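Me: Please take a close look at one part of this structure, the nonpolar core and what surrounds it. A plain account will do.

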Amino acid sequence: MNRGLFLAIAASVSLLSFTGAPVAQAYTTPGAVLLAVANTTGNGTDGAPAGNGTRPNIHQIITQFEQAIAPYENIHPTLISHPPLPTQSLPTSPEAIDQALQQTLQSYKQATQSDKQAQAQLQAAVNAYIDALQLFVQVGDLDILTQQTPDSTAVVSYLEDALYTQAQVSADFQLLQQAHAAGDNSELLAALLDMTQLEQQKVSDLKTATKILAKMTGTLQAGLSS
């Protein structure tokens, strides 16, 4: 998620209303949830550095991979089909909404942490593949690279789907803003649930791309040793 956007929005949230609030309720006010989401590490999908600036950037990873395979493969990414996100019934009482907000916020934080780990693993997988590719093209059968075109297509397709999903997460953050402005915890919960499910879907995309890359790297390494 765009950390700069989050922090800019969060900076506008007044903390005066939180003074003296019970600790158990501190993370269930609309402003506090917005602030907690804003302080969650960014997802490295935009042009700006995320977190401490060392996070992989999916745009850059796609470019890195496509440039490596361009001399040997011609790919045309396809749309990844996902089942609709499951519909969840929302609680109605203020106490139940507060509890659900706390639980969902923790789930969202876990999903963004998984996102961070998945991107690091993806970058490592791309680096390993490119290293193997550079060795393979010197001594291997280039027809094998042509045979890998469907897998390369799938890798880029899943990564582009991850970017699309992240855009949906960013759109949901606008709903968080609106819920914060209205002081509506029910709408806040609905948006946060959707964001969490989308983050989990994005992680699945990244892990699938990483798995395919590992298989492709194994094929090239096997060709080098034969």
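**The core and its surroundings**

Reply: The model is predicted. Asp161 lies in helix α6, which covers residues 149–182. Asp161 is buried but forms no salt bridge. The nearest side chain of opposite charge belongs to Lys202, 11 Å away, whereas a salt bridge would need a side-chain nitrogen of Lys or Arg within 4 Å of a carboxyl oxygen. Leaving out residues up to four places away in sequence, Asp161 touches Ile80, His82, Gln201 and Asp205.

Next, the nonpolar residues. In soluble globular proteins, nonpolar side chains tend to be buried together. Here the largest nonpolar core has 29 residues. Those with the most contacts inside this core are Phe65, Leu122, Tyr129, Val155, Leu159 and Leu213. Helices α3, α4, α6 and α7 each supply at least two of the core's residues, and α4 gives the most, with nine. Apart from this core lies another, of 20 residues, which includes Ala100, Leu105, Tyr108 and Leu176.

Two of the residues with the most contacts in the largest core, Phe65 and Tyr129, also form an aromatic pair. A search of the whole structure finds one such pair. The Phe65–Tyr129 pair is tilted, with 5.7 Å from centre to centre and 55° between the planes. Phe65 sits in helix α3 (residues 58–69) and Tyr129 in helix α4 (residues 94–139), so the pair ties together parts that lie 64 residues apart in sequence. Both Phe65 and Tyr129 are buried.

The contacts of Phe65 extend beyond its aromatic partner. Not counting residues up to four places away in sequence, Phe65 touches Val126, Tyr129, Ser152, Val155, Val156, Leu213 and Met216. Of these, Ser152, Val155 and Val156 fall within the residue range of α6, while Leu213 and Met216 fall within that of α7.

Ala209 gives a view from helix α7, which spans residues 185–225. Ala209 is buried, with a relative accessible area of 0%. Neighbours within four places in sequence aside, Ala209 is in contact with Leu122, Val155, Tyr158 and Leu159. Leu122, Val155 and Leu159 are also among the residues with the most contacts inside the largest core. The C-alpha atoms of Ala209 and Ser157 are separated by 8.5 Å, although these residues are 52 apart along the chain.

Key. Residues numbered from 1 in each chain as written. Predicted model: local features only at pLDDT ≥ 70, side-chain atom pairs only at ≥ 80, totals over all residues. Heavy atoms only, no water. Helix = DSSP H or I, 4+ residues; strand = E, 2+ residues; numbered from the N terminus. Buried < 20%, exposed > 50% of the residue type's maximum accessible area, 1.4 Å probe, protein only. Lys, Arg positive; Asp, Glu negative; His and termini not counted. Contact = heavy atoms within 4.5 Å. Phe/Tyr/Trp six-rings, centres within 6.5 Å; stacked < 30°, edge-to-face > 60°. Core = buried A, V, L, I, M, F, W, Y, C linked by side-chain atoms within 4.5 Å.
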